[in-house]
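Hi,

Here's the structure I promised to pass on. Have a look, and my notes on its rings and one of its helices follow below.

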Amino acid sequence: MRLVRYRAADSGIRSGVVVAVDGVDRVVDLGAADLPSLLATGRDVLDTAAARAGASDPELSDVRLEAPVRPGKILCLGYNYRGHVPDGVDPTADDPAFPDVFVKTPNTLGGPADPIVVPEVADDVDYEGEIAVVIGRRTRDVGIDDALHHVAGYTILNDVSDRSWQRRQSQWALGKCFDGFAPLGPWLVTPDEAGDPQDMLVEVVRDGVVTVSQSTATTIFSVAYVVSYLSSVMTLEPGDVVSTGTPQKLPDAQQAHRPLRAGDAVTVRIERLGELTTTFIGGPA
C-alpha cells in the first residue's frame, strides 16, 4: 500500500492512499491525521478506503505531494554498502564494527515536489540516494528479531550534502544540514508491499545516466540491526526516519563527478518503493 500526504486546495494537508483505478493512480482521502497515527489504528480503515477508490478521486498527478512524515529525528548512516573488490578478496574485510550514525536537522526536510536551492556558499553539492525507514511505534531497546515489527514502512531520501563543508570539520553536520537537503517521498510504502528491505535495487540517475546501482543485499548493517542498535541508545518515536546509507557511485560516475548546480535534476529509484526526483535551482539574485 502506498500512503501519501498531500495538499488539498480547500482543506490543507491531508493523508491519502494511492490506488490504481483503470490504470490511473488516484488518491483516496484519509483525513487530516498523520500516517503513523493512521497505521496505528490498523489496516481495516485503510483497506476500506482503498476499496472505495473510483474515477471521482483526484489523480495522483494532479495533487501536490508533501513529505510523507514530519520526523522528530532524521538519523542517517555513513558507510553501509560494501564496495566492489577484486576476485579472491574478502568483501567483508573492511567492514566497520558499528554503524556510523549522524543526524540531519529538521530544517533539511523537503517534500518530493520541493526544489533545492543551491546555497551560494556551497561549492561541492552532491547527492546520495537512500532507503528511508519510517518508525511506526515507540521503540526502545528492541531486539533484532522484533525490530521490523516497529517499522511503519519505507520511503526514499536524497541525503544531499556539500562535500566541502563536510570536509571542514570532523563532524559532518554543517555539510549535511543546509535548508532543504533531505527531500523525502514520494510516499510511504507499507512493509507488506515493500517486501524484504535487504533485497532491493537502489539506483540513481543523473543527466540520463545511471550513476549508482547496487542491491541492499550488500549492506553491512541490516535494517533490523540498525533499528535495534539505535533503540538501545534513544527512544524512536512514530514518524522518525532512519536513512540507511547510499551505495558507492559507479566508477565512471566517480571519475566524472561534477557538483550539483542550478538546473540539475537527480532521480533516486528504488525497487518496489518508486522514484524521487529532485531539481536544483539558484537562490534569489
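**Rings and a helix**

Phe-221 is buried, at 7% relative accessible area (buried is under 20%, exposed over 50% and partly exposed in between, with a 1.4 Å probe and protein chains only). Bear in mind that this is a predicted model: local features need pLDDT of at least 70, side-chain atom pairs count only at pLDDT 80 or more, and totals for chains, interfaces and linings use all residues. Residues are numbered from 1 along each chain as its sequence is written, and side-chain values use heavy atoms, leaving out hydrogens and water.

Searching the whole structure turns up 6 aromatic pairs (rings of Phe, Tyr and Trp, the last by its six-membered ring, with centres within 6.5 Å; planes under 30 degrees apart are stacked, over 60 edge-to-face, the rest tilted). One of them joins Phe-178 and Phe-181, tilted at 40 degrees with 5.2 Å between centres. Both Phe-178 and Phe-181 are buried. Phe-221 and Tyr-225 are stacked, because their planes are at 25 degrees and their centres 5.4 Å apart. Tyr-225 is partly exposed, at 24%. Phe-221 and Tyr-225 also belong to an aromatic cluster with Phe-98 and Tyr-229.

What about helix 7 (residues 223-231)? The rest of the structure largely encloses helix 7, because 7 of its 9 residues are buried (helices are DSSP runs of H or I, at least four residues, and strands are E runs of at least two, numbered from the N terminus). Among the buried ones are Val-223, Ala-224 and Leu-230.

Cheers
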